[in-house]
Amino acid sequence: SAVTNVMVGAATKAARGLRRDFGEVEQLQVSRKGPADFVSTADHRTEKILYEELSRARPDWSFLMEERGAVDAASGAPGTPPGRWIVDPLDGTLNFLHGLPHFAISIAAEERGQLTAAVVYDPVKDELFWAEKGRGAYVNDTRLRVSSRSALDDAVLATGIPFRGRKGHRQWLEEAALLMGQVAGIRRFGSAALDLAYVAAGRYDGYWERNLNPWDVAAGVLLVKEAGGFVTDAEGRDRAMDGASVVCGTEGIHRALLKTLKTAGKTASA
Ligand code: 2AM
Ligand code: CA
Ligand code: CA
Ligand code: CA
């Protein structure tokens with residue numbers, strides 16, 4: 001669709017700068033937003049390019065961006081904007097700053113309160129994951145489908161560990177301890193947007209994480225849904241997009257994950 005083309009164009013342009021910055025990370029200025037919450041000139045530069053490209057193409061759309069927060073439509077038109085861009089310019093900043101080639105640009109389009117299009121672009125591997133509501137999910141030109149595994153015992157799961165300065169370490173340990181005994185393997189690569197894209201691609205069979213934000217997960221949630229996956233919050237509600245908790249996978253893995261997380265919750269609070 002036209003909206004997807006706008007997102008792909010913006011991501012492709014922003015990615016050029018990001019690739020250049022990745023080659024000289026020691027030259028970037030880095031500051032902290034919290035105890036282990038780093039932000040660099042690369043995050044800000046990328047967000048600026050995305051803002052310029054997206055607002056030029058759709059002046060009446062508003063934004064939710066990680067670094068700039070909620071931003072009104074550039075046109076200043078009164079009333080409810082017809083759409084909103086949900087943007088994480090650099091998902092996986094810590095990887096980026098350590099020279100680990102696993103990070104992405106994440107953009108979601110929301111129209112009338114519904115996610116309608118998504119782009120997650122990994123500029124190092126040149127993998128452009130995209131989806132349109134009702135039209136499926138793709139990586140570059142290839143249609144995506146979640147894996148065919150339905151049982152935990154041969155599943156590979158992804159997760160995210162809460163950062164220093166965030167609550168939830170004990171809960172995560174409890175959940176991981178229970179799941180470790182049930183699955184083939186657990187991975188922790190450090191980019192929520194790519195974790196979700198990899199579930200859509202059938203590389204991971206499932207994924208769970210807590211305490212994220214809408215810009216981390218919005219695009220990935222649509223990718224998983226359009227690839228035939230199931231994605232909810234930890235209570236099984238259709239609220240993954242909030243980011244408070246995200247649980248996803250194939251139908252069977254998603255169901256089994258929800259069940260185990262519930263058990264972990266009981267053990268942890270007992
Ligand atoms: P970021 O790199 O855009 O900040 C990894 O588990 C996920 O958590 C990534 O999507 C990452 O996004 C996010 N993240 C990293 N550090 C964080 C922090 N200190 N607080 C909240 N989220 C963080
Ligand atoms: Ca960040
Ligand atoms: Ca992020
Ligand atoms: Ca980010």
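This is a predicted model: local features need pLDDT of at least 70, side-chain atom pairs count only at pLDDT 80 or more; totals for chains, interfaces and linings use all residues.
Two strands are said to pair if DSSP finds at least two bridges between them, and strands themselves (E, at least two residues), like helices (H or I, at least four), are DSSP runs numbered from the N terminus. Residues are numbered from 1 along each chain as its sequence is written, and chains are lettered from A and ligands numbered from 1 in the order in which they are written.

Phe63 belongs to the covered face of strand E3 (residues 62–65), together with Met65, whereas Ser62 and Leu64 make up the uncovered face. In a regular strand the side chains alternate between the two faces of the sheet. E3 pairs with E5 (residues 83–91) in the parallel sense over 4 bridges, and Met65 stands opposite Val87 in E5. E3 also runs antiparallel to strand E4 (residues 69–71), to which 3 bridges join it, and there Leu64 has Ala70 as its bridge partner. The link between E3 and E4 is a hairpin of 3 residues.

These strands belong to an open sheet of 8 strands with mixed pairing, in the order E4-E3-E5-E6-E7-E8-E9-E10. E4 and strand E10 (142–143) stand at the edges, each with a single partner strand, so one side of each is left without a neighbour in the sheet. In the loop between E9 and E10 lies Asn140, whose phi is near 50°, a positive value in a residue other than glycine. A residue counts as buried if 20 or more other C-beta atoms (placed from the backbone) lie within 10 Å of its own, as exposed if 12 or fewer do, and as partly exposed in between. Asn140 is exposed because 9 other C-beta atoms lie within 10 Å.

A further antiparallel pair is made by strand E1 (residues 30–34) and strand E2 (residues 37–40), which 4 bridges join. Gly34 has Asp37 in E2 as its bridge partner, and a hairpin joins E1 to E2 through 2 residues.

The protein chain is assigned domain 1 (2–143) and domain 2 (152–269), with bounds that come from an automatic or database domain assignment. Taken over C-alpha atoms, the centres of domain 1 and domain 2 are separated by 22 Å. Contact here requires the C-beta atoms of two residues, placed from the backbone, to lie within 7 Å, and in this sense 31 residues of domain 1 are in contact with 23 residues of domain 2. On the side of domain 1 that touches domain 2, the largest share, 5 residues, comes from E7. The residues of that side divide into 19 nonpolar, 6 polar and 6 charged, where Ala, Val, Leu, Ile, Met, Phe, Trp, Tyr, Cys and Pro count as nonpolar, Asp, Glu, Lys and Arg as charged, and the others, Gly among them, as polar.

A residue is near a molecule if its C-beta atom, placed from the backbone, lies within 6 Å of it. Of the 19 residues around ligand 1, Asp37, Thr93, Gly160, Phe163 and Ala192 come nearest. E5 and helix H3 (93–97) are the elements that give two or more residues to this shell, and E5 gives the most, with 3 residues. By class, the shell around ligand 1 has 6 nonpolar, 6 polar and 7 charged residues.

Ala192 leads on to helix H5 (residues 192–200), in which 9 of its 9 residues are buried, among them Ala192, Asp195 and Tyr198. Just after H5, Gly202 takes a positive phi of about 75°.Ala192 is also one of the residues touched by Asp216, and Asp88, Asp91, Ala193 and Gly243 are the others, not counting residues up to four places away in sequence. Asp216 lies in helix H6 (residues 214–226), and it is buried because 25 other C-beta atoms lie within 10 Å. UniProt, in an unreviewed entry, places the feature "binding site" at Asp216; its positions are given in the numbering used here, its feature names are shortened, and its annotations may be inferred rather than shown by experiment. In the loop between strand E13 (206–210) and H6 is Asn211, which counts as partly exposed because it has 17 C-beta neighbours inside 10 Å.
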